[in-house]
Amino acid sequence: MIITVFGLGFVGLTTALGFADKNNKVYGVEVSQERINTLNEGKLPFHEPGLDDSLIRNLNKNFFIVDDLNKAITESDCIYYCVGTPYGENGEADLTYLFEAIKSTLNEIKDNKFRVLVTKSTIPPTTTSEKIVPFVEKEGFIVGKDIGIANNPEFLREGHCWDDFINSDRIVLGVSDEKSTHILKELYQKFDCPIFTVSLNTGEFIKYLSNTLLATLISYSNEMSQIADNLGDIDVANAFRILHLDKRLTGSGIASYIYPGCGYGGYCLPKDTNAIYALSKNRGYTPKILENTIKINDDRYKHIVKNISANIQKTDKIGILGLSFKPGSDDVRDTPASKIISKLLEEGFENIIAYDPLAIDEFKKYYNYPIKYMEYEELIEECDELVILTAWDKFKTLKEKTKKPIIDARYML
């Protein structure tokens, strides 16, 4: 099958290379020339294990980065949209990039071939049925006859994108016509997992169901840790580790989300939780659990800074360990470390030195804070106190390396 993928970020590049690895011909469309140049050199623009090897295997063989959009669309059976859907003004999903990509696709269709336009970008329930379908039909296409419209949510964890795609635990197809269902099932026939065909709204909803559950578990854990801190004489880390021994949780990866830390960050959980909250509120129902999940997360950094302020002098050198929002990734978008560092600077802490195994360059690119950066061993030697903000494995032995005071905001020691 021939596929075009718009957007070559974490989701788009994984999708494109995953389909290419299954012997499909895939065209990649990307607006960032810097990213295009990096990929054409056979390099990844971000850290994602497994994806690098697939890029080398497939580049200019089954996977082609193109600027000739007409050729790509004309040949393709499916067009996938993996573009950003960031925060809108009031927390809702901004669909600007998505509709620009769909419009550019429709402009290139000059024949009667049936193609399926598939949204993999995370979009709120009702978007496909109430916005995308009318938009396409306004452009002169009959959905289900001339063209197919579907959504196919992703369930990828940063740092594990490749494995999560190739070894999917489920595939969800939000579809409304038989032609699209048949084409998409044929595309996924080489994947050894259950395939669910559901309504357009259900397909979109399942993604939010997943991400809001994870966000809620994180905020629940952080709220419980703050209750414990307030009560006193509670070993929070040990309490949660014992909780994880519950046989209803053992062996389940979801247990890793039931643990306190600095709050959820990255690209997906913050924007998706806010988007479904905003959509529901606009439709007349204010979801109280999500409302408080968001508030607890938004306030989490203040609790951590309060703890730092109570234990560290403003003239001391503070060593920040970890800048990415999670270990195994160099993603610093909406990372709790940024909020914490910003608040510390605001309160007058000026001697801040930071280290991260992967994310220093990305952090510098996204944030312009007046702080220093050092290598791990050098930072430990230089600083008066140390603060762990990302749970990298190498920090587990920190107590063996120094007797200096440590604030473990990830409860990992």
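Q: What is Asn 274 in contact with, once its neighbours within four places in sequence are left aside?
A: Asn 274 is in contact with Tyr 87, Gly 91 and Ile 294, where contact means heavy atoms within 4.5 Å. Before going on, note that this is a predicted model, in which local features need pLDDT of at least 70 and side-chain atom pairs count only at pLDDT 80 or more, while totals for chains, interfaces and linings use all residues. Residues are numbered from 1 along each chain as its sequence is written, and side-chain values use heavy atoms, with hydrogens and water left out.

Q: Is Asn 274 called buried or exposed, and how do you know?
A: Its relative accessible area is 17%, and buried means under 20%, exposed over 50% and partly exposed in between (1.4 Å probe, protein chains only). Asn 274 is therefore buried. Its place is in helix H11; helices (H or I, at least four residues) and strands (E, at least two) are DSSP runs, numbered from the N terminus.

Q: How do you know whether H12 has the span expected of a helix?
A: Helix H12 covers residues 288-311, which is 24 residues. The expected span is 1.5 Å times one less than the number of residues, and that comes to 34 Å for H12. From its first C-alpha to its last, H12 reaches 34 Å, close to that expected value.

Q: Where is the kink in H12, and what angle goes with it?
A: The kink in H12 is centred on Asp 299, at about 35°. The bend at a residue is the angle between axes fitted to the seven residues ending there and the seven starting there.

Q: Which residues of H12 are buried, and what do they pack against?
A: The buried set is Leu 290, Thr 293, Ile 294, Ile 296, Asn 297, Arg 300, Tyr 301, Ile 304, Val 305 and Ile 308. Ile 294 was also listed among the contacts of Asn 274. The partners of these buried residues are H9, helix H11 (268-282), strand E9 (318-321), helix H13 (336-346), strand E12 (385-388) and strand E13 (406-408).

Q: Why are H6 and H9 called oblique to each other?
A: Helix H6 (residues 127-138) and helix H9 (residues 200-231) pack at about 120°, with their axes 8 Å apart. Axes here are lines fitted to C-alpha atoms, for helices over the stretch in contact, and angles run from 0 to 180 degrees between N-to-C directions. Under 35 degrees counts as roughly parallel, over 145 as roughly antiparallel, 65 to 115 as roughly perpendicular and the rest as oblique. H6 and H9 are therefore oblique. The contact is made by Thr 127, Thr 128, Ser 129 and Val 133 of H6, with Leu 200, Asn 201 and Glu 204 of H9.

Q: What makes Asn 23 stand out in its phi, and is Asn 23 buried or exposed?
A: Phi of Asn 23 is near 70°, a positive value in a residue other than glycine. Asn 23 is placed in the loop between helix H1 (10-21) and strand E2 (25-29). At 59% relative accessibility, Asn 23 counts as exposed.

Q: What is the phi of Asp 233, and how do you know whether Asp 233 is buried or exposed?
A: Asp 233 has phi near 55°, also positive in a residue other than glycine. Asp 233 lies in the loop between H9 and helix H10 (236-243). With a relative accessible area of 86%, Asp 233 is exposed.
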